Amino acid sequence: MNNLPEHVRRNRLLWDDWAQKFVAAGEAAWAQDIPTWGIWGVPESQIGMFPQELAGKEAIELGCGTAYISAWLARRGVRVVGIDNSEAQLATARRLQQQYGLEFSLLHGKAETTPFSDASFDFAISEYGACLWADPQRWVPEAARLLRPGGQLVFLVNSFLMMLCMSAEEGIAATDRLLRPAFGLSRIEWPGDIGVEFHLSHGEWIRLLTSAGFEIEALVEVRPEPTATTRYPFVTLEWARQWPCEEVWKVRKRA
Ligand SMILES: C[S@@+](CC[C@H](N)C(=O)[O-])C[C@H]1O[C@@H](n2cnc3c(N)ncnc32)[C@H](O)[C@@H]1O
C-alpha cells in the first residue's frame with residue numbers, strides 16, 4: 001500500500017470505506033438485462049456506450065466497482081476482465097458473480113499500470129471508474145497500450161461544465177454560475193474527504209487522447225428524460241435538463 005501513488009492509496013481507502021453504500025445499486029444493475037447509464041439511468045439506446053458488434057470480443061472495464069458493466073458484457077458473449085482499486089468493491093462483484101453464475105476475471109489493481117500485454121483488448125470501458133479516479137496522464141496511455149489497433153475506448157464522466165458550477169463544498173447542487181476557474185482545475189479534493197478526483201477540460205481531453213494515439217469519434221452530452229431521478233445530491237434534474245451534467249467520450253485507437 002505504501003508504494004502506491006498517493007491518489008491511488010487515498011482512493012483505495014475511500015472506496016473500501018464506501019463499498020457498502022454501492023452494494024444495493026450494484027445488485028440492481030446486475031439484475032438488469034438492458035444497460036442504463038450514469039446517475040440518471042439514461043438508456044443504452046440513447047447514448048450507445050457499447051459497440052454494435054460485441055460477441056467474441058475481448059474487453060476490459062477500468063475501475064469496474066461492483067462489475068455490473070462487465071456482467072452486461074459477459075452476457076453479450078464478450079470475454080471481459082474487470083480491474084478495480086478496491087478489494088471491498090470487488091468482494092461485492094465476486095458475490096454477484098456467484099449468485100448469477102457468471103464467470104469473468106476480476107483483478108485488484110490500478111488502471112494506471114496493469115499487468116496485461118500490449119494489444120490484449122478490442123474494447124475498454126469506464127463509467128465513473130478509472131476515468132474519474134485514476135490519473136488521466138497515466139490511465140489514458142495505458143488504455144491505448146492495452147487496445148488493439150482499431151480498438152475502442154468509451155468512458156462516461158461528470159461534465160467539465162458541471163464541475164465549474166459546483167462550489168468547493170461537497171453535497172451542494174451545481175448552480176447556474178461558474179464557481180471555479182477552468183484553468184488549472186484538473187484535480188479535485190473535496191474538503192473533509194480523503195478521495196482524489198480528476199476532471200479535465202475538453203481541450204485537455206482532446207490533447208491527451210490524441211497524443212496517446214486515439215481518434216475522437218464522439219462526445220455525447222447526456223440529457224436525462226424529464227421524469228428521470230437520481231440518488232445523488234450534486235445536481236438537480238432542472239439543471240441537467242438545461243446543461244449536460246455528464247459526458248461520454250468515444251475514441252478509437254488509430255489503426
Ligand atoms: C463509481 S465506481 C465505478 C463503478 C460503477 N460504474 C459505478 O458507477 O458505480 C468507481 C470505482 O473506481 C475504482 N477506482 C478508483 N481509482 C482507481 C484506479 N486508479 N484504478 C482502477 N480503479 C479505480 C474505485 O475503487 C471504485 O470501485
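Select helix α2 (residues 23–31) and helix α4 (residues 68–75). Their axes come within 9 Å and cross at roughly 10 degrees. An axis here is a line fitted to C-alpha atoms, for helices over the stretch in contact, and angles run from 0 to 180 degrees between N-to-C directions. Helices (H or I, at least four residues) are DSSP runs, numbered from the N terminus. α2 and α4 are therefore roughly parallel to each other, a label for angles under 35 degrees. The crossing of α2 past α4 is right-handed, meaning that the near helix is turned clockwise from the far one by less than a right angle.

The model is predicted: local features need pLDDT of at least 70, side-chain atom pairs count only at pLDDT 80 or more, and totals for chains, interfaces and linings use all residues. Residues are numbered from 1 along each chain as its sequence is written, and side-chain values use heavy atoms, with hydrogens and water left out.

Now show the side chains between these two helices. From α2, Gly 26, Ala 29 and Trp 30 meet Tyr 68, Ala 71, Trp 72 and Arg 75 of α4; contact means heavy atoms within 4.5 Å. This contact has five nonpolar residues, one polar and one charged. Ala, Val, Leu, Ile, Met, Phe, Trp, Tyr, Cys and Pro count as nonpolar, Asp, Glu, Lys and Arg as charged, and the others, Gly among them, as polar.

On the α2 side, the contact is made by Val 23, Gly 26, Glu 27, Trp 30 and Ala 31. On the α5 side, select Thr 92, Ala 93, Arg 95, Leu 96, Gln 97 and Tyr 100. By class, the contact of α2 with α5 has six nonpolar, three polar and two charged residues.

Next, select the ligand. Return to Tyr 68: an N or O atom in its side chain is 3.0 Å from a nitrogen atom of the ligand. At Ala 111, a backbone N or O atom lies 2.9 Å from a ligand nitrogen atom.

Finish at helix α7 (residues 136–146) and helix α9 (residues 202–211), which pack at an angle of about 40 degrees with their axes 9 Å apart. Pro 136, Gln 137, Trp 139 and Val 140 of α7 meet Trp 205, Leu 208 and Leu 209 of α9.

Notes
Parallel < 35°, antiparallel > 145°, perpendicular 65-115°, else oblique. Polar contact = N/O pair within 3.5 Å; in protein donor to acceptor, adjacent residues only side chain to side chain.
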